[in-house]
Amino acid sequence: MPRPRSKSRDELISSAMGVFWENGFNATSIEDLVVATGVGRGGIYSDFGGKEDLFLACLEAYRTRFADPAIHILRSGTNGLSSIEAYFDFFIALHEKHGMPGPGCFIANTMTELAPHHTEVQRVVNEHSSDLKSAFARSLMQAARTSGERIRKNEISEMAEFLVTSSQGLWSYGKSISDIRILKQFKVTLLELLRFRLRPPTLDRR
């Protein structure tokens, strides 16, 4: 099957990303990709060398189109907790648009399927996790300064790591539930916990 002239490399990646995101790497065949992209085997092998290289291109494209904009919400915000809430709202909206059960996070899905066994995938996943942790830490520092609460840097780091783990776990959980309200309530509960930890110091009036 020759590639349609209108089918650009970016369009090919976009079409393939949906298949990999939904099914994972191992459950996706070249034939699945041919059907989804409208590009023949020869075209896929010509551009990417095979399924693995196409998958890596899709993973990097996902970071650019979805993960990085979400992290930008954290990095560009001026109100720490509001930025964290907006980050979760960004992905909840994606799940709501897709319909529940949700698609999960492509990176989180890949983290459990391939990262332990594939050096290049592990690099991409670890870079994303590091960027996300750094962005969460920035928002937490903002929130701490706003509240007047003094928090040690190592505790900020631990809280940021907790948020990374919580977010990745939440998107994975979203793949198995049908009610979007569960994701929304998780966000509310998580923010309540953060507000409690970051509450303004009170004077001891005894």
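Asp-179 counts as partly exposed at 24% relative accessibility, where partly exposed lies between buried, under 20% relative accessible area, and exposed, over 50% (1.4 Å probe, protein chains only). The side chain of Asp-179 meets that of Arg-181 in a salt bridge, with N and O 2.9 Å apart; a salt bridge here is a side-chain nitrogen of Lys or Arg within 4 Å of a carboxyl oxygen of Asp or Glu. Arg-181 is exposed, with a relative accessible area of 61%. The model is a predicted one, in which local features need pLDDT of at least 70 and side-chain atom pairs count only at pLDDT 80 or more, while totals for chains, interfaces and linings use all residues. Residues are numbered from 1 along each chain as its sequence is written, and side-chain values use heavy atoms, with hydrogens and water left out.

By the salt-bridge rule, the count comes to 15. Side chains of opposite charge can pair when their charged atoms come close. Helices (H or I, at least four residues) are DSSP runs, numbered from the N terminus. Arg-197 is partly exposed, with a relative accessible area of 25%, whereas Glu-155 is buried at 16%.

A further salt bridge joins the side chains of Glu-127 and Arg-123 (2.9 Å, N to O). Both residues lie in helix H7, four residues apart, or about one turn of the helix. An α-helix has 3.6 residues a turn, so residues three or four places apart point the same way. Glu-127 is partly exposed at 34% relative accessibility, and Arg-123 is partly exposed as well, at 31%. Through salt bridges that share partners, Glu-60, Arg-63, Arg-75, Glu-120, Arg-123, Glu-127 and Asp-131 are joined into one network.

Turning to helix packing, two packed helices are described by the angle between their axes and the distance between the axes. The axes of helix H1 (residues 9-23) and helix H4 (residues 51-76) come within 9 Å and cross at roughly 95°; axes are lines fitted to C-alpha atoms, for helices over the stretch in contact, and angles run from 0 to 180 degrees between N-to-C directions. H1 is therefore roughly perpendicular to H4, given that angles under 35 degrees count as roughly parallel, over 145 as roughly antiparallel, 65 to 115 as roughly perpendicular and the rest as oblique. On the H1 side, the residues that meet H4 are Asp-10, Leu-12, Ile-13, Ser-14, Ala-16, Met-17, Phe-20 and Trp-21, with contact meaning heavy atoms within 4.5 Å. Their counterparts in H4 include Lys-51, Leu-54, Phe-55, Tyr-62 and Phe-66. The residues of this contact of H1 with H4 divide into 13 nonpolar, one polar and three charged; Ala, Val, Leu, Ile, Met, Phe, Trp, Tyr, Cys and Pro count as nonpolar, Asp, Glu, Lys and Arg as charged, and the others, Gly among them, as polar.

H1 also packs with helix H2 (residues 30-37), the axes coming within 9 Å and crossing at roughly 130°. That makes H1 oblique to H2. Leu-12, Ser-15, Ala-16, Val-19 and Phe-20 of H1 meet Asp-32, Leu-33, Ala-36 and Thr-37 of H2. By class, this contact of H1 with H2 has six nonpolar, two polar and one charged residues.

Lys-51, found in helix H4, is buried at 19% relative accessibility. Not counting residues up to four places away in sequence, Lys-51 touches Phe-20, Phe-25, Asn-26, Thr-28, Ile-30 and Leu-33. Lys-51 and Phe-25 are 26 residues apart in sequence, with their C-alpha atoms 8.4 Å apart in space.

Helix H6 and its flanking loops complete the account. In H6, Phe-106, Ile-107, Ala-108, Asn-109 and Thr-110 are buried, and the buried residues of H6 pack against H1, H4, H7 and H8. Pro-101 sits in the loop between helix H5 (80-98) and helix H6 (106-113) and is partly exposed, with a relative accessible area of 41%. Leaving out residues up to four places away in sequence, Pro-101 touches Gly-174, Lys-175, Ser-176, Ile-177 and Ser-178. Pro-101 and Lys-175 are 74 residues apart in sequence and 4.9 Å apart in space, C-alpha to C-alpha. His-118 has its place in the loop between H6 and helix H7 (119-147) and is buried, at 19% relative accessible area. Beyond neighbours within four places in sequence, His-118 is in contact with Glu-52 and Leu-56.

Technical notes:
Helix = DSSP H or I, 4+ residues; strand = E, 2+ residues; numbered from the N terminus.
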